Structures are given as C-alpha cells and as structure tokens.
Amino acid sequence: MITFFRTAGWITLLLLFTLPNHAESFRHIYTDNGLSSRRVYQVEKDGTGFVWFLTSMGIDRFDGTEIRHYPLAGIKEVKENVLPFSVMTCDTNQGLWLSLRNGKVYSYSQEKDEFLLSIDLNEYSSGSDPVLNHIYFDHTNTLWLAISSGLYTFDLENRRLYLVEQFSDETVHTITQLNEFCYFAGTNQQVYQITLPEKPGEEITKKKIDLPLPVKVESMCLHDTVLYIGTFSHSAYLLDTHSGHIRSLAQVIPQVLVRTIKASKDHQILIGTDGSGLYCLDASSHQLIKRYSSHDGGIHGISGNTISDLLVDERNRFWISTSTNGVSILDPHTPDIRWKRNESGNNQSLLSDHVNVILEDSDGDMWYGTNHGISLHLTKENRWTHFLQSHPDEIDQTPVILALCEDHEKNIWAGGFGTGG
C-alpha cells in the first residue's frame, strides 16, 4: 500500500492544460451509424416519435437506436435537382409528408409502412411542368403549395387545387401563418403579407413588406409576434408584426445563405447557415448567445457548417442536419461531457486511458488509478501530476492501481499490482 501526504509546496507542475469553461456535447449520426448518405437535406419528427431524414439517397427513419431506409415509389434514381429542394413536414395530426420539386407529394402510411404518392401536380397542369417549391399545413390542416405559377391550397378530400394568389415574375419559396386570416409568403425578391377575407364578398389582399432591399427569401419562422426572415445572401431580418418595425441581423449573422430558422422551447432563435454554422440568439434582445461550428471539434462541435435544416423536438433537443456530414444532436438536458484521456508526449494528460478507479478528495481534486500509475488532476488550477509511473525501460513493471482512498488526515492511499509495497 502506498501513501501520499498532501502538504503545501509538495507538488511540482510543468504545463498548463485548459479545458473550456462550458462546452455542450453533441451526438453525431453518420453513415457509420446506418445513415444512407452524409448529405442530409431535411429532418422531421412524426407523431409516433420517429425522426426522419431526407438524404441524397432517399428517406431514413431513426427510432433512437437503428435506422431504416425507405424508397419512394416512382423514383428510380435520386436526382440532384430534386431532393435538395424537397420539403418534409408534418400535418396537424403529426402525419409525415414529403414534397418534391417535380410536383409530386408523398405521405407516409403507418398501415402500409411506406410512402404513397398523394398528389401529382402534373395532373393539374395544362401547360409546362409545375415546379413545387414548398408545402405547408396551416392551423386548420389546410395544405398550401408554393408552385411556380403561384400560391395554392389543395383540398385533399375532394382532390381539387385552388389558386390563392398569382405572383407575376416571382417565385414563392416559403410560407408561414400568423393567425387565422394572415399568412406570409417569401419569394425570390421579397416578402408579402397575404390576408384572407374574414367576411363573404371580401377579397384576398397582398401587401408587400418593405425590406431595406430586394432579397431572395430562403426561410421564415414566426415566434410570438416576430417574423424571422432568412435570405440568400443578405443575412437575416426580423419583422415585428404588431408595429411593422424591421430590423437587420447583419451585425450578428454574416452575409451568408440562411437555410433554416427555428425557435427553441427556451426562447432561443436558432439560425442555420450554409457555411458558417449555427447561431443561437436570445429571442428578447436578439443578442448572440452561442455560435456552434464544426471547428469546435469532436463532441463539442457540429458535424458540418453547411446546415440544411433544424428540428427542435418536444424535449428541446436540437437536431441539426448538414448537407455535407450527417446529423448532429444537442440535448440540453444531458450533462456536458469532458474527455480526460492520454495524449502521447503530453505530461499534462492521463497516464493511461485504462482507468480502474477514480477518487475525488476533500479538496475537490481528482485522482485516477490507471494501468500505468496514478494521475492527479488539480481541478482549481486545471493541472496534472503523476505518481508511480513506470520508466520506459521498465514497462513490464508498470504499477496497476486498483484502489484509492483518503483518510481523515487527507492522506491518499493506493493499492494494486506492482506498487512496490
């Protein structure tokens, strides 16, 4: 048994090793975990608890453990000009829907466990092939479609397509709803407020939102009474729908493509960019809380900076899909993970990754009994020292530490094999 006596000035330390003060930990889903492709365009969660990923190879379903791949009927091969512009969403009953740019809309059948073709807009077009940019289910479960020829609703029961508003020389990219009668449509040039009639005989009105300059709208999100607008190359804007005040977020969000915007359950605004990572803003002050980047590395960073979509689930977990490197998941309820491991040639790390016993002493310092001796981490100073480590020429006499304890005089006792007594 070996005893260590804790006295002032007793320990000599060499290098300073600093861990981040606060570092959230991500889980990642890659092709190694069963994902069909590293290029993920959309992520959605249905009412049964499955999380779905739309990838360059089709659709994957994740049950928390395993991934299952689903083909789409009628599509023999994945087209690069189809899937990247597809939209996956849920209706008010949390049923899963998928729209393709070629005008086909699919719904997932739980009974048949497959995707069925529900709408083919080519059947409703008398001219050129329609281009379907977006689908959206409003509060009444009415299906809205942004087609190259205008903004439409579709009656699923009677199989009829209705024109809501024509957009001359513009293309609607995204739709969202403020209240029973008010909607917003983002086009390749600007944002419009669409107001439906409240009384018979009244007409639909279309009002242009006066943004500071013409912008190509890529994404929109309503949180409380604020509309967040992501653009192709002019950062993002917010519109106070009560006062009409418009504010640019260019001081926080760079002039990059803003693919997706979502609100978390703790009043953060999540802004996913193409190339600059994920930005989290406070919903009240709109100040930057945190930026997540792949440059943060490993479990402390997202898997890629080209964010294609975001999902905030009922547990406030962030599901972050990237168009280059799979999916990252941040769970704010999971404690931060900080790795302590052996780093070859670095004396300010564990002696060995094979740790047999851990002791926190009365001073809050951490002792690690390993297969190559003892490592002590002085937590307040964030420094390491080591005991009983073997000499490189005596590797066969390496002390294996199996037990650690502290007595009432703050002495640390260690036991194991090859400790010399």
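Cys 221 counts as buried because its relative accessibility is 8%, where buried means under 20% relative accessible area, exposed over 50% and partly exposed in between, using a 1.4 Å probe and protein chains only. Cys 280 is buried too, at 0% relative accessibility. The structure holds 0 disulfides, a disulfide being a pair of cysteine sulfur atoms within 2.5 Å.

A word on the model: it is predicted, so local features need pLDDT of at least 70 and side-chain atom pairs count only at pLDDT 80 or more, while totals for chains, interfaces and linings use all residues. Residues are numbered from 1 along each chain as its sequence is written, and side-chain values use heavy atoms, leaving out hydrogens and water.

Now let us look inside. A nonpolar core is a set of buried Ala, Val, Leu, Ile, Met, Phe, Trp, Tyr and Cys residues joined through side-chain atoms within 4.5 Å. The largest one has 15 residues, and Ile 59 and Trp 52 are among those with the most contacts inside it. Strand 4 (51-55), strand 7 (87-90), strand 8 (96-99) and strand 9 (104-109) each supply at least two residues of this core; strands are DSSP runs of E, at least two residues long, numbered from the N terminus. Apart from it lies another core, of 14 residues, including Leu 238 and Tyr 279.

Finally, visit Ile 358 in strand 30 (residues 355-360). Ile 358 is exposed, with a relative accessible area of 51%. Beyond its neighbours within four places in sequence, Ile 358 is in contact with Met 366, Trp 367 and Tyr 368, contact meaning heavy atoms within 4.5 Å. The C-alpha atoms of Ile 358 and Tyr 368 are separated by 4.7 Å, although these residues are 10 residues apart along the chain.

Notes:
Helices (H or I, at least four residues) and strands (E, at least two) are DSSP runs, numbered from the N terminus.
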